[in-house]
Amino acid sequence: MSAATTLPPAEVTKRRARGGRLSALVTRVWLIPVVVAAWEIGTRQAASAYFPPPSQIVARAYELWFSGPAAHLFLTDDALGDFLPSLARLFGGWAVACVLGIGLGVALGRSRALAGYIDPLVEFGRAIPPPALVPLFIVIFKLGTEMQVATIVYGVIWPILINSIDGARYVDRLHMDTAEVFGMGRAQRLFRIILPAAGPKIFAGLRLSVALAVILMVLSELVGSTDGIGYQLSYTQMNFDLAGMWSVIVLLGVLGLVLNASFLAVERRVLSWHRRARQTT
Amino acid sequence: MIRRRVARGATGVAVLLIAAELAGRTGLVDTSLLPLMSTVLARAAELVADPAFLADVWGTLIVWAAGLLIAVVIAVPLGTLLGSLPRAETATRPLVEFLRPIPSVALLPLITLLIPDDSAIKMTAVVYAAAWPLLVNTMYGLRDVDPIAKETMRSFGFGRLAVLARVSLPSAAPFVLTGVRLATAVGLIVAVSAELITGGTAGVGAFMIRAGAGFRTDLVLAATLWAGVLGLVANALLLELQRRAFRWHAATSGELS
Amino acid sequence: MLDVVNLRHTYGQGPSAHHALGGIDLKVAEGELVSVVGPSGCGKSTLLRSIAGLIEPTDGHIRIRDGHVTGTPGDLAVVFQDYSRSLFPWMTVGENVALPLRRRGMGRAARRAAAAEALAEVGLPGAEAKYPWELSGGMQQRVAIARALAYRPTLLLMDEPFGSVDAQTREDLEDLVLKVRELHRMTILLITHDIDESVYVGDRVVVLTKSPARVAGELSVDLPFPRDQIATRELPAFVHLRAEVGRLVRAKEPLPPFHASQQA
Ligand SMILES: Nc1ncnc2c1ncn2[C@@H]1O[C@H](COP(=O)(O)OP(=O)(O)OP(=O)(O)O)[C@@H](O)[C@H]1O
Ligand SMILES: [Mg+2]
């Protein structure tokens, strides 16, 4: 006699749904524990100094960052000293690039003449690989936060700019005509028509830029910094602390994953109209 | 229309160059930090005839191209396999999602410890970075194949491999090429980053580090100009290739107009 | 109210140029409802876009209340032919209808109430929270009409506004337009390809020729008000007018009146 037969039908379906979700989750992520286990066994067997087993990496990460006092959310001073400056640069640079990129992009997208003058410069600017500007920024800004933020802004702005131009340029003619006929002012057109219409494109650019921002944050900190996650990376390397180094790598993977997931969550909310409209047609 | 675009573009470039020159000449910016535009352009012209610089450019190109090639050879077949086996795709997806965001720049310190050879270090980083867009786009392209087309082929009695060769791969090809374009851009970024970080002796990045250490911003900027030209040429070549190879795709998606 | 003189418009230049309007003269009095009919592709939408100031005609004048139309005149509303693209997919139906009312200086609550009322009038009560793409084509078209009506313009331009609704709704909407015109003293220019409709709603029917469009002829519709979907359409005068418009559209010589009445 199974307990389910005595349950009310609603409860049964709920349980089934939960079971279904659980099994769906299992079919999706089963490979991860398998890979981690295989990695653990393999590295223990090989006993290479360069490839510490995952358990050791986790222990080192805990020791480095998460064994702090409860008042600091268990974060150690090292963690606070490394994460906060890095994240501040990351988000600061990204925010500046967003404002500049979207603002300039919409202006260029809406004005054919302006775009005509600026287009070749944009094409050239985005063709320069951003790290190539690091040596210049080092000379101009010296080593430090300014140089790092400049690197992030320069590297991240292009996908935002290009996509904003594209999105603003191809707003449906009839949308603009409707706005004109009903006498909408400039600000209203910008915020209620152009930006929403260009939204899907702009978000595509923003998503690309998040990944780039992490790369450039690490790069700029590796090149010259006295704090931050990238600094931690070069510090562990110099001290031949391989478990520590792997911890930083894993941490950066998690950071990228979390950033991407939160970004997608925001995008889903903001652009839900777009997703659902596309499903219906 | 086109002539006007060219005229405007040329005006824009000229205005920027002249403004930069004037800013230096009037003392608005410190020329010891940012040299005059004319100086930079002159240096850039000289660099073309500088064998040391050309060797550096060549070094970067080799790392970049070889890295891309290896990434294509690894990632495209793997993406094809995973993309045509839905179960394998669902199983590996979380793994891909976790490995992909690890910036390959962050792997450089580790790779440096593991591999002694300078250009092999850089190449490994380029391969890692370039493989992800290739893999993901290939998988996506294969998943996106019109099921009706596949079923039509099956209904005529074609086997799995024939369907793959005649329907799935051709229709996924544009996505793969998009992956190649993304990989090319990321590959150049990582190649130059690696040169900056590993402090190797060859490559445009190494050239810039040396010039920067000697406060020769004129040389740094001149090299930056050439790096931009490199990026422009690569992108133009790939766009042209994409256009020639997939006229039909561009025409249906309206990307060309 | 509206005065169009010798309006010409050519799309493009050189050998690929297309002469859409070949010199159109048209007068619409204050409070009048003029129907415009013409074969498909003749240039009706082009005429309407010129009046709305959305394209600059190649030649000719447009005057609204003695003011030359240069930009888009204020106090004007348009129901576009391509209604589904003229609604904003990122706004709900209610927001779409209420958006232009900001210009009327109405508060938030007043805008909402006006939108709800207009939507109820076109037969979509309670649809405010839906998105345009959740509605059928005919419903979207009615939202576009509601938006124009809620705006209460003095001049309303409608481009085949009832094209994709069912016959019953179409008749209701025709009556709604007549009622709203009566209530708010609007001047309306209504483009349609339905000859019956042009006669039923119009004070006057203007027929355009094939492109380049010119005025092929005009007919005054002196049918009694209020009009009724069944009774008006039964009137011999209605049947006669309908035949006349049909003849003009088909570019045949109009027959003498007695001929038509004999047939009827
Ligand atoms: N932007 C444009 N560029 C070039 N030609 C155009 C353009 N818009 C319209 N035309 C042409 O002008 C002619 C008139 O177009 P218009 O849209 O005014 O016709 P219409 O009478 O409204 O047709 P329908 O009854 O099908 O709506 C058509 O032949 C069309 O191809
Ligand atoms: Mg039309």
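A: A polar contact is a pair of N or O atoms within 3.5 Å; within protein, one must be able to donate a hydrogen and the other to accept it, and residues adjacent in sequence count only if both atoms are side-chain atoms. This is a predicted model, where local features need pLDDT of at least 70 and side-chain atom pairs count only at pLDDT 80 or more, while totals for chains, interfaces and linings use all residues. Residues are numbered from 1 along each chain, chains are lettered from A in the order written, and side-chain values use heavy atoms, without hydrogens and water.

Q: How many residue pairs are in polar contact between chain C and chain A?
A: Five, with both residues at pLDDT 80 or more.

Q: And how many salt bridges does the rule find there?
A: The rule wants a side-chain nitrogen of Lys or Arg within 4 Å of a carboxyl oxygen of Asp or Glu. Across this interface it finds three. One of them pairs A:Arg276 with C:Glu134, with the closest N and O atoms 3.7 Å apart.

Q: How much area do chain C and chain A bury between them?
A: Interface size is often given as the accessible area lost when the parts come together. Here we use a 1.4 Å probe and sum over both parts. The two chains bury about 2,200 Å², 66% of it on carbon and sulfur atoms. On the chain C side, C:Arg85, C:Trp90 and C:Trp133 lose the most area to chain A, together 32% of what that side buries.

Q: How many residues does each chain bring to the contact?
A: With contact meaning heavy atoms within 4.5 Å, chain C gives 26 residues and chain A gives 20.
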